[in-house]
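Please read them beside the sequence and the coordinates.

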Amino acid sequence: AALLQNEKLQRAVRGGVIWVDEASRLGTKDAVALLELAEKKHCRIILAGDLKRHQTTHRGTAMHLLEEHGGFKTQRTEKRPSSSLEERSLKQLFAEGDVTGGFSMLERRGGIFEAPRDDWAAELAQRFRDPVKKKQSCVAVTASRKAARALAIQLREELKRLGVISSKERVFERMTRVQGSAAELKDAQLYEAGQVVQFRQHVKGFRAGERYTVMGRDSFGNVVARKGGFVEALPLKHSDRYEVYTRDEVKFSVGEHIRISRSGYAKSKTLLAEATGGSKRHRVVAGSTRRIAGFTLDGDIKLDSGVVIPKDFGHWEHGLCATSHELQGQRVDRVVLCAENSVGSEVLQVANASARKHLSVFTEDSVALSNSIWQSRQEQTASALYADAVKERSTDEAGRKQRTKDRVDHERER
């Protein structure tokens, strides 16, 4: 997305190669814009992704359309081998689309933990304690953000009891993005007082990175928002250049992991900066996870990498719990899929692909889960729906003609 909006980046790719990772999440609108850019800048495009995992939430799936209707063929490449032959065999089953076979293999090797949901946090704490101390990456995966946050609260209490993280905690503001397309965000009725609007691209009168707090609507129906002492009407016609968030609170402790939910800038302390009292801006990337080493006197969060994140950053989550959408494209040493009794096969595909060393599954009912895990939850594209409608219409037409022919033949025989 940044490439399509940043002219400086576009000049830099002239004559080169544009690599699109997790291309299954590339919508048709962005794909068309990317193809036009590549033609203009004389670039090659490589799409890397897996259609068996989560696909785009935008209209159309570019990879699927290119493969099914564009005549393009995909080339399978092998990933880096896992730590054991058993893990490689498991990954091979899932890579070939044999979700049922992979789930059966997990059961045979004892990778399925069946217990009431209230017992999951205590078991997770026991399994994560030693790997976290050894600085191995771990994550519990859920199908929804609500479930991930609820599990994170329970897991933190267990980890505090075991002494893995500090019992002293601090409260910070957290941003949660309001889901909606650019077209939907042009509707003034969707905005509520207290929401935060953050610009990701310059608009006349607004700069990228600026945040405004929604106050409500004026007598003319405009959505008005405040930044400090300034009150402005939001440019709804440019809703594709900003994002809308709600605010709540989140607690962090020293020793626990934190995950960045939106790319932004932090302060990276250097020896020279510390000596002079200054700091250097450092970009933090969405999806990255680090351990909290402490807090500054100003209340900022200091990571084990030395990066200091301002206390008002807001775009963060607990690092040991994530949704399958947030995990997609990441590599983690140990992954535990905390599954409901019915989840889509894409969730298990993502968990398996992300696990570098070990994958296990927590569930309340393994039988119900195994009966539903092979089903896909992906929505059909408009092209697929149209093709199905044409096929159904052709079938109906052929049936009608056959019935007419049979009736005529029957009359002739009489």
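1. A polar contact is a pair of N or O atoms within 3.5 Å; within protein, one must be able to donate a hydrogen and the other to accept it, and residues adjacent in sequence count only if both atoms are side-chain atoms. Such a contact, of 3.1 Å, links the side chains of glutamine 198 and arginine 211.

2. This is a predicted model, in which local features need pLDDT of at least 70 and side-chain atom pairs count only at pLDDT 80 or more, while totals for chains, interfaces and linings use all residues. Residues are numbered from 1 along each chain as its sequence is written, and side-chain values use heavy atoms, with hydrogens and water left out.

3. Glutamine 198 belongs to strand E6 (residues 196–199); strands are DSSP runs of at least two residues, numbered from the N terminus. Glutamine 198 counts as buried because its relative accessibility is 7%, buried meaning under 20% relative accessible area (1.4 Å probe, protein chains only).

4. Glutamate 256 sits in the loop between strand E10 (242–253) and strand E11 (257–260). With 5% relative accessibility, glutamate 256 is also classed as buried. The side chain of glutamate 256 makes a polar contact of 3.0 Å with that of arginine 156, and a polar atom of the glutamate 256 side chain lies 2.6 Å from the backbone nitrogen of serine 253.

5. Not counting residues up to four places away in sequence, glutamate 256 touches Arg156, Ile165, Lys251, Arg290, Arg291, Ile292 and His318, where contact means heavy atoms within 4.5 Å.

Key
Helices (H or I, at least four residues) and strands (E, at least two) are DSSP runs, numbered from the N terminus. Buried means under 20% relative accessible area, exposed over 50%, partly exposed in between (1.4 Å probe, protein chains only).
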